[in-house]
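Consider the model shown here, starting with a pocket and then turning to a pair of helices and to the confidence values.

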Amino acid sequence: MHRPLDLRHVVSPGLRDLIELANTHNFDRVTEQVRNLRGCTSPVNLHGWTVTTDSTTKEVVRSYRSEDEPSGRLLTTCGNRRASRCPACSRVYAADTYHLIKAGLSGGKNVAETVRDHPRAFVTLTAPSFGPVHNRKTDSAGKTRPCGCGAHHAEDDPALGTPLDPATYDYSGAVLWNAHAGQLWGRFTTYLRRALAEHLGMTQKALSSALRVSFAKVAEYQKRGLVHFHAVIRFDGPDGHTTPPPSWATFDALQVAVDLAVERARLTVESDAIGERVIKWGDRFKVDQISALGDGELTDAKVAGYVAKYATKNAEGAGTVDRTLMCRPCQGRGYVRGPDGFRDLCDDCEGTGQAEPIKALPVQRHVRQMIRTAWDLGNLPEFADLKLWKWAHMLGFRGHFSSKSRAYSTTLGALRDVRRAWRLAQAGAARAGLPTTDETTLVTASSWTYLSSGYRPGEELLAAQVRQDIAHTQRLKQEGLLPA
């Protein structure tokens, strides 16, 4: 008779759990589940089932229940795009973004390859100045020039981007600019089309019937804590990427339209507490032509790589934190409704509404002041709809980090579907009787319930080994010892 192991002498909880998994469960399946996550740091634990049937014969061709798993639950990747939260999932997000952007530049993924001949520009739009900051300027020869403080800052100097005089820096304007940056981008795209029609001497209706403007953009934080946008803008024919744009739709026309749209796109924000603020773009913006031949400074692959890199960066690059500061039990209000209907002080945050005190955050003074300003503005009635206390950790920015026009290229969802189908085939679904031809229509029914996030201690050890193996493989590829 098999006697269970005495694990009392095993000090490590992870090792103890790993031994228990090996002795009481199907260890090969546990290992397979963890390896399929490819190093995800905080997988989602689900309970449920899925059944796939043939719509014609009503035959069940595949079924799955999480109860059949050794641990009774299904582990799936968290899908977080933030590199600070999950490096593994952020790499997948970056790869998907790369293919999405590149398909809109050179074709593929159901996008016509002729798009590489369409006028295309890489546009960078920045925020205006809210006060002088420490910077690292260079002259035409590449030699560094002194900052306004008189010092020559190193590239990694934490003072870069912080105000020369914090007392006079317009923190309210900076936070409100971040909060309205998404709306300003939407207004920019509207004025871009208007400016283009004006430059070409035609009505907007005539322009829309002959030309379509497609774009994809990502947001990136500058060191001073303000977002700026990198966008790919492309001219298409009236039916999208499948048709060429008219001959008069040139890069020069696009450049002129961007200049006009940057100047004209504005928002006005009024408040009794802080007065009037005009939300507009900064004077420093760039419009670069993307090379169609692959021999220019900005090629399809380079631009796609830039955008993919920006897509997984977050506000942490500006020195802030990657978690909300809003107390969840009271939703940042500082109070909860008691059984009698009256307001009771929230015990979790002691009435501050903050999950952790802003003054205790391990961030530099400039970032803490932006967070505090966002929190304070969020409590003003005129800015209540912005929910700035919810986005204080993002320094007020509450828009999408990446977005695209509908006809630019494929979608992230389509790329995920292709990857999911490939993994299904790799897992042996075909051997289990799942048809792979397009002639059969499959209907899938499912029901899933969220349980928790994270690994068991033993599974975490397995995941750490997976991450180490992936990192080792990447190093070998970089050194040329394995094919890329």
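The second largest pocket of this predicted model holds about 1,300 Å³ of space. A pocket is an open set of points on a 1 Å grid over the protein atoms alone, where a 1.4 Å probe fits, with protein on both sides within 12 Å along at least five of seven lines; lining residues have an atom within 4 Å of a point. The volume is the space filled by probe spheres set on the points. Of its 34 lining residues, Thr126, Asn135, Gln222, Arg224 and Arg284 are the closest to the centre. Strand β9 gives the largest share of this lining, four residues. By class, the lining has 12 nonpolar, 12 polar and 10 charged residues.

Helices α4 (residues 171-200) and α8 (residues 365-378), which are DSSP runs of H or I with at least four residues, have axes that come within 9 Å and cross at roughly 70°. Angles of 65 to 115 degrees count as roughly perpendicular, so α4 is roughly perpendicular to α8. Residues in contact (heavy atoms within 4.5 Å) include Tyr171 and Leu176 of α4 and Met370 and Leu377 of α8. The contact residues divide into seven nonpolar, five polar and no charged.

The mean pLDDT, the predictor's confidence in each residue from 0 to 100, is 86 for the protein chain, and 91% of residues reach 70 or more. Over residues 428-439 pLDDT stays under 50.

Residues are numbered from 1 along each chain as its sequence is written, and side-chain values use heavy atoms, without hydrogens and water. As the model is predicted, local features need pLDDT of at least 70 and side-chain atom pairs count only at 80 or more, while totals for chains, interfaces and linings use all residues.

Conventions
Axes are lines fitted to C-alpha atoms, for helices over the stretch in contact, and angles run from 0 to 180 degrees between N-to-C directions. Helices (H or I, at least four residues) and strands (E, at least two) are DSSP runs, numbered from the N terminus. Angles under 35 degrees count as roughly parallel, over 145 as roughly antiparallel, 65 to 115 as roughly perpendicular and the rest as oblique. Ala, Val, Leu, Ile, Met, Phe, Trp, Tyr, Cys and Pro count as nonpolar, Asp, Glu, Lys and Arg as charged, and the others, Gly among them, as polar.
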